Amino acid sequence: MRILLVGINPSTAKKGWSTTWHRLPRWADHLGIGIFSFTNCLHEQGKYSLRDVDFNVLRECCRGHDRVLALGGFASRALSKINVEHFTLPHPSGLNRKLNDKTYELDQLKACRKYIYG
């Protein structure tokens, strides 16, 4: 199964430090995803808005994937704008305080697993 994860834009955090890059492999293991593709809605760091998204590029990135997972609300809104079916996970950033609640995190992963495998 071909899985695509869609984020917002590149982090300004130092390479290797970002909580996101520590959390995603753990989530992939939990979901039983051995290999996945990744793209961002935007490819520049810094402030962002939906008007900055190149929807043609995003649509092309989604093509050929069996399941698409949005990392947070912004990615979900961008995917919805181009009618791409997807599941919205919470954004994996360390700034997302909802993920301090491990029950919440596990519930989200359980729902995502159901989306992926039915």
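The crossing of helices α1 and α4 is right-handed. That is in a predicted model, as is everything I describe today. Helix α1 covers residues 19–31, helix α4 covers residues 102–117, and the two pack with their axes 10 Å apart. The angle between them is about 55 degrees.

From α1 come Arg23, Arg26, Trp27, His30 and Leu31. They meet a set in α4 made up of Lys102, Glu105, Leu106, Leu109, Cys112, Arg113, Ile116 and Tyr117. Sorted by class, the contact has seven nonpolar residues, five charged and one polar.

Next, the sheet. Four strands form an open sheet in the order β2-β1-β3-β4, and the pairing is parallel. At the edges are β2, residues 37–40, and β4, residues 87–89, each of which pairs on one side only. From one strand to the next, the twist averages 25 degrees. To give one place to look, Leu5 has Leu69 in β3 as its bridge partner.

What packs on this sheet and touches β1, β3 and β4? Helix α3 does, residues 73–81, and its direction makes about 135 degrees with that of β3. The buried residues of α3 are Phe74, Ala75, Ser76, Ala78 and Leu79. They pack against β1, β3 and β4, and also against helix α2, residues 55–62. After α3 comes Asn83, with a positive phi near 60 degrees.

That leaves the pair α2 and α3. Their axes are 10 Å apart and the packing angle is about 90 degrees. Why do we call them roughly perpendicular? Because angles of 65 to 115 degrees count that way, and α2 and α3 are therefore roughly perpendicular to each other. On the α2 side the contact has Phe55, Leu58 and Cys62, and these meet Ala78, Leu79 and Lys81 in α3. By class, that contact has five nonpolar residues, one charged and no polar. Ala78 and Leu79 were also on the list of buried residues in α3.

Technical notes: Residues are numbered from 1 along each chain as its sequence is written. This is a predicted model: local features need pLDDT of at least 70, side-chain atom pairs count only at pLDDT 80 or more; totals for chains, interfaces and linings use all residues. Side-chain values use heavy atoms; hydrogens and water are left out. Two strands pair if DSSP finds at least two bridges between them. Axes are lines fitted to C-alpha atoms, for helices over the stretch in contact, and angles run from 0 to 180 degrees between N-to-C directions. Contact means heavy atoms within 4.5 Å. Buried means under 20% relative accessible area, exposed over 50%, partly exposed in between (1.4 Å probe, protein chains only). A crossing is left-handed if the near helix is turned anticlockwise from the far one by less than a right angle, and right-handed if clockwise. Ala, Val, Leu, Ile, Met, Phe, Trp, Tyr, Cys and Pro count as nonpolar, Asp, Glu, Lys and Arg as charged, and the others, Gly among them, as polar. Angles under 35 degrees count as roughly parallel, over 145 as roughly antiparallel, 65 to 115 as roughly perpendicular and the rest as oblique.
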